Amino acid sequence: DIPNRLKRNFFIFNLVLPSITSINDIYGQMLDGRFTANDFDGPTLDSVSKLTDATIQLWRVMKSKMLPTPAKFHYVFNMRDLSRVFQGILLT
């Protein structure tokens, strides 16, 4: 049993990941705002929508295939990693 004096120093909460549709909508709208029809041609805009789906699919594969082990405990792929990919795209 953990003493109450120690428990009061910690706080635990759980957040559920959004659905894939919501993730696709969020990042898709960001890319649509960055790559507008005024600045880019049709083929580029088509590849932007495919880029969103491909990035999310890659993230899901990495999350399911590369599970953390005692030797590779840093293999935890979360929304932060996905956000960093899209941040790099938006900064180009």
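Residues are numbered from 1 along each chain as its sequence is written, and side-chain values use heavy atoms, with hydrogens and water left out. Because the model is predicted, local features need pLDDT of at least 70 and side-chain atom pairs count only at pLDDT 80 or more, whereas totals for chains, interfaces and linings use all residues. The chain holds 4 helices and 0 strands, where helices (H or I, at least four residues) and strands (E, at least two) are DSSP runs numbered from the N terminus.

**Overall shape**

- Read along the sequence, the chain follows the pattern α-α-α-α, and its radius of gyration of 19 Å is well over the 12 Å that the globule rule gives for 92 residues, so the chain is more spread out than a compact globule.
- That radius is taken over C-alpha atoms, and the globule rule is 2.2 Å times the number of residues to the power 0.38.
- Taken along the principal axes, the C-alpha atoms fill a box of roughly 65 × 30 × 25 Å.
- Buried residues make up 14% of the 92 residues, with buried meaning under 20% relative accessible area, exposed over 50% and partly exposed in between (1.4 Å probe, protein chains only).
- Among contacts (heavy atoms within 4.5 Å) between residues at least 6 apart in sequence, 64% join residues at least 24 apart.

**Helix 4 and its cap**

- The buried residues of helix 4 are Leu82, Phe86 and Ile89, and seen down the helix axis they fall within an arc of 50 degrees, so they line one face of the helix; the arc is that of the directions from the helix axis to the C-beta atoms.
- These buried residues pack against helix 2 (20-34) and helix 3 (42-65), while Arg80 and Arg84 are exposed on the other side of helix 4.
- Asparagine 78, found in the loop between helix 3 and helix 4, caps the N-terminal end of helix 4, with a side-chain oxygen 3.1 Å from the backbone nitrogen of arginine 80.

- Leaving aside neighbours within four places in sequence, isoleucine 89 is in contact with Leu31, Phe35 and Leu51.
- Threonine 52, in helix 3, is buried with a relative accessible area of 3%, and beyond its neighbours within four places in sequence it is in contact with Asn24, Tyr27, Gly28, Leu31 and Phe86.
- Threonine 55, also placed in helix 3, counts as buried at 11% relative accessibility and touches Leu82, Val85 and Phe86, not counting residues up to four places away in sequence.

Methods: A polar contact is a pair of N or O atoms within 3.5 Å; within protein, one must be able to donate a hydrogen and the other to accept it, and residues adjacent in sequence count only if both atoms are side-chain atoms.
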